[in-house]
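Here is a set of exercises to work through with the sequence and the model side by side. Try each task yourself before you read its solution.

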Amino acid sequence: MIQPLAYIHPQAKIADNVVIEPFVTIHKDVEIGEGTWIGSNSVIMDGARIGKNCRIFPGAVVSAPPQDLKYKGEQSTVSIGDNTTIRECVTLNRGTALDKNTTTIGSNCLLMAYVHVAHDCVIGDNVIVANAVQLAGHITVYDYAFIGGSSAVHQFVEIGAHSMISGGSLVRKDVPPFTKAGREPLSYVGINSVGLRRRGFSAATIAEIQEIYRIIFLKKYNVTKALDIIEAEFTPSVERDEIINFLQNSQRGIMKGFGNT
């Protein structure tokens with residue numbers, strides 16, 4: 001199902017059952033998996049690796065060269081997992097040799113209209129990025145995170161799994177897993193209990209996560225002291241250890257606690 005008004009380089013690798021609408025441009029070094037739909041006026045540039053059953057809406061630009069002055073034209077890629085939807089006018093820049101050499105979007109993601117994902121970002125599976133979010137370079141977004149519309153995320157920030165960031169946020173610090181973030185400057189406003197329940201977390205697990213974050217964000221301890229208390233008072237679990245590892249490995253520091261200025 002390739003329309004005659006589309007341009008497809010003869011060396012592009014297009015799987016079976018791909019639908020390519022009129023006025024699409026597909027460059028040479030491109031791979032597209034089975035069942036994917038490419039909407040009109042999309043541009044798929046060199047280095048694009050698109051999985052199965054994806055939906056690329058009109059006006060999207062996938063795998064454009066990075067907006068990085070250090071980029072010297074080296075070969076690099078954008079990788080998109082299966083069943084991911086890229087809405088209108090999204091721009092995805094490929095990686096650079098000075099970092100990962102690729103930008104990665106996971107499976108089952110939704111990137112809404114006008115999202116920008118810069119070079120060397122890593123977005124996990126089942127992530128939702130709402131309209132007009134701007135992700136600078138080298139950002140990591142873990143599985144099931146949600147970023148509200150018109151938010152801007154600073155380079156090298158990490159956004160934890162199952163977290164939720166309010167629309168219009170300026171994200172300058174790391175956002176730990178399972179949390180909700182809002183206000184200005186960006187601060188802890190609770191755990192993402194609704195999202196956790198929807199994904200099958202038990203009431204006991206949600207309560208434990210909440211108690212851990214009370215120690216981190218509400219008790220006025222510094223991070224080192226809070227982690228010492230958590231390791232001493234909470235039995236090891238997947239969620240406890242994920243929180244501890246995230247905080248221990250944070251390079252930019254974490255967002256502020258509730259009521260802190």
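A residue is called buried when its relative accessible area is under 20%, exposed when it is over 50%, and partly exposed in between (1.4 Å probe, protein chains only). The model is predicted, so local features need pLDDT of at least 70 and side-chain atom pairs count only at pLDDT 80 or more, while totals for chains, interfaces and linings use all residues. Residues are numbered from 1 along each chain as its sequence is written, and side-chain values use heavy atoms, with hydrogens and water left out.

**Exercise 1. Salt bridges**

Solution. 
- Step 1: Recall the rule. A salt bridge is a side-chain nitrogen of Lys or Arg within 4 Å of a carboxyl oxygen of Asp or Glu. By this rule the model has eight salt bridges.
- Step 2: Check accessibility. Lysine 100 has a relative accessible area of 36%, so lysine 100 is partly exposed. Aspartate 99, at 31%, is partly exposed too.

Task: Which parts of the chain does the salt bridge of aspartate 29 and arginine 49 tie together?

Solution. 
- Step 1: Confirm the pair. The side chains of aspartate 29 and arginine 49 meet at 2.8 Å, N to O.
- Step 2: Strands (E, at least two residues) and helices (H or I, at least four) are DSSP runs, numbered from the N terminus. Aspartate 29 sits in the loop between strand S4 (25–26) and strand S5 (30–32), and arginine 49 sits in strand S8 (residues 48–50), so the pair links parts that are 20 residues apart in sequence.
- Step 3: Aspartate 29 is partly exposed at 30%, and arginine 49 is partly exposed at 22%.

Task: Is arginine 240 buried or exposed?

Solution. 
- Step 1: Find its salt bridge. Arginine 240 meets aspartate 241 at 2.8 Å, N to O.
- Step 2: Apply the cut-offs. Arginine 240 has 9% relative accessibility and therefore counts as buried, whereas aspartate 241, at 28%, is partly exposed.
- Step 3: Look for shared partners. Salt bridges of this kind join Asp29, Glu31 and Arg49 into one network.

**Exercise 2. Two helices**

Task: Describe how helix H2 and helix H4 cross.

Solution. 
- Step 1: Two packed helices are described by the angle between their axes and the distance between the axes.
- Step 2: Read them off. Axes are lines fitted to C-alpha atoms, for helices over the stretch in contact, and angles run from 0 to 180 degrees between N-to-C directions. The axes of H2 (residues 203–218) and H4 (residues 238–249) come within 10 Å and cross at roughly 30°.
- Step 3: Name the arrangement. Angles under 35 degrees count as roughly parallel, over 145 as roughly antiparallel, 65 to 115 as roughly perpendicular and the rest as oblique. H2 and H4 are therefore roughly parallel to each other.
- Step 4: List the contact residues (contact means heavy atoms within 4.5 Å). H2 contributes Thr205, Ile209, Ile212, Tyr213 and Ile216, and H4 contributes Glu239, Arg240, Ile243 and Leu247.

**Exercise 3. Positive phi**

Task: Where does phenylalanine 178 lie, and which residues does phenylalanine 178 contact?

Solution. 
- Step 1: Locate the residue. Phenylalanine 178 is in the loop between strand S25 (170–171) and strand S26 (179–182).
- Step 2: Check the backbone. Its phi is positive, about 75°, although phenylalanine 178 is not a glycine.
- Step 3: Check burial. With 1% relative accessibility, phenylalanine 178 counts as buried.
- Step 4: Find the contacts. Setting aside neighbours within four places in sequence, phenylalanine 178 touches residues including His162, Ile209, Tyr213, Glu239 and Ile243.
- Step 5: Follow one contact. Histidine 162 has a positive phi near 65°, lies in the loop between strand S23 (158–159) and strand S24 (164–165), and is buried at 10%.

**Exercise 4. A cis peptide bond**

Task: What kind of peptide bond joins glutamate 184 and proline 185?

Solution. 
- Step 1: Look at omega. Omega is about 0°, and the bond between glutamate 184 and proline 185 is cis.
- Step 2: Proline 185 is in the loop between S26 and strand S27 (187–191).
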